[in-house]
Amino acid sequence: DDGFTVKQRSLEKEILKATWETFAADPVKVTCRFLKANFWFWAEVPGAMGMLESKPALHRIFLIYHGAQMIFFLVGLGFMFKLGDAPAFRFVWGTVLYLAFFNFWFMPIPRYYVPFLPLIDIVAAYGAVRLFSKTA
């Protein structure tokens with residue numbers, strides 16, 4: 001017994017059926033909405049939408065920092081795999097990839113990845129160090 005009632009199971013089936021009907025009716029539109037929601041999941045500063053509404057200059061500063069953080073994170077992932085360092089960091093990038101592929105499907109809200117930001121920062125710092133040591 002998984003603890004769900006017959007009524008809960010029935011409701012779950014109805015929701016899944018409605019979801020697939022919506023997708024089948026217009027798959028391109030649903031896919032675009034999904035991609036847009038998940039873009040903002042990563043692009044927006046976690047918690048900034050409500051807290052920084054009245055402070056647009058501060059919001060822009062945080063967006064610039066967060067954008068750099070995400071870019072260096074991607075650069076870090078690239079260097080890790082290219083240079084063969086990925087196995088040493090598998091807990092870090094594996095946890096972040098788990099978040100990217102499993103968590104955001106259900107909750108594409110930026111504040112839900114705040115607990116993972118230190119892991120993102122580790123990879124971003126690695127990427128920044130590797131990038132600037134290559135060009136220096």
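**Figure 1. The surroundings of Gln 69.** The side chains of Gln 69 and His 66 make a polar contact at 2.9 Å (a pair of N or O atoms within 3.5 Å, of which, within protein, one must be able to donate a hydrogen and the other to accept it; residues adjacent in sequence count only if both atoms are side-chain atoms). The model is predicted, so local features need pLDDT of at least 70 and side-chain atom pairs count only at pLDDT 80 or more, while totals for chains, interfaces and linings use all residues. Residues are numbered from 1 along each chain as its sequence is written, and side-chain values use heavy atoms, with hydrogens and water left out. Gln 69 is found in helix α4 (helices are DSSP runs of H or I, at least four residues, numbered from the N terminus). With a relative accessibility of 7%, Gln 69 counts as buried (under 20% relative accessible area; exposed is over 50% and partly exposed in between, with a 1.4 Å probe and protein chains only). Apart from neighbours within four places in sequence, Gln 69 is in contact with Leu 117, Ile 120, Asp 121 and Ala 124 (heavy atoms within 4.5 Å).

Figure 2. Asn 38, Phe 41 and Trp 42 are the buried residues of α2. Seen down the helix axis, these buried residues fall within an arc of 85 degrees, so they line one face of α2 (the arc is that of the directions from the helix axis to the C-beta atoms). On the other side of α2, the residues Val 28, Arg 33 and Lys 36 are exposed.

**Figure 3. The largest nonpolar core.** This core has 21 residues, and Trp 42, Phe 73, Tyr 113 and Ile 120 have the most contacts inside it (a nonpolar core is a set of buried Ala, Val, Leu, Ile, Met, Phe, Trp, Tyr and Cys residues joined through side-chain atoms within 4.5 Å). Two or more residues are given to this core by each of α2, α4 (56-83), α5 (90-103) and α6 (117-135). Helix α6 provides the largest share, six residues.

**Figure 4. The salt bridge of Asp 85 and Arg 130.** Asp 85 forms a salt bridge with Arg 130, their closest N and O atoms being 3.0 Å apart (a side-chain nitrogen of Lys or Arg within 4 Å of a carboxyl oxygen of Asp or Glu). The pair links distant parts of the chain, since Asp 85 lies in the loop between α4 and α5 and Arg 130 in helix α6, 45 residues apart. Asp 85 is partly exposed, at 21% relative accessible area, and Arg 130 is partly exposed at 29% relative accessibility.
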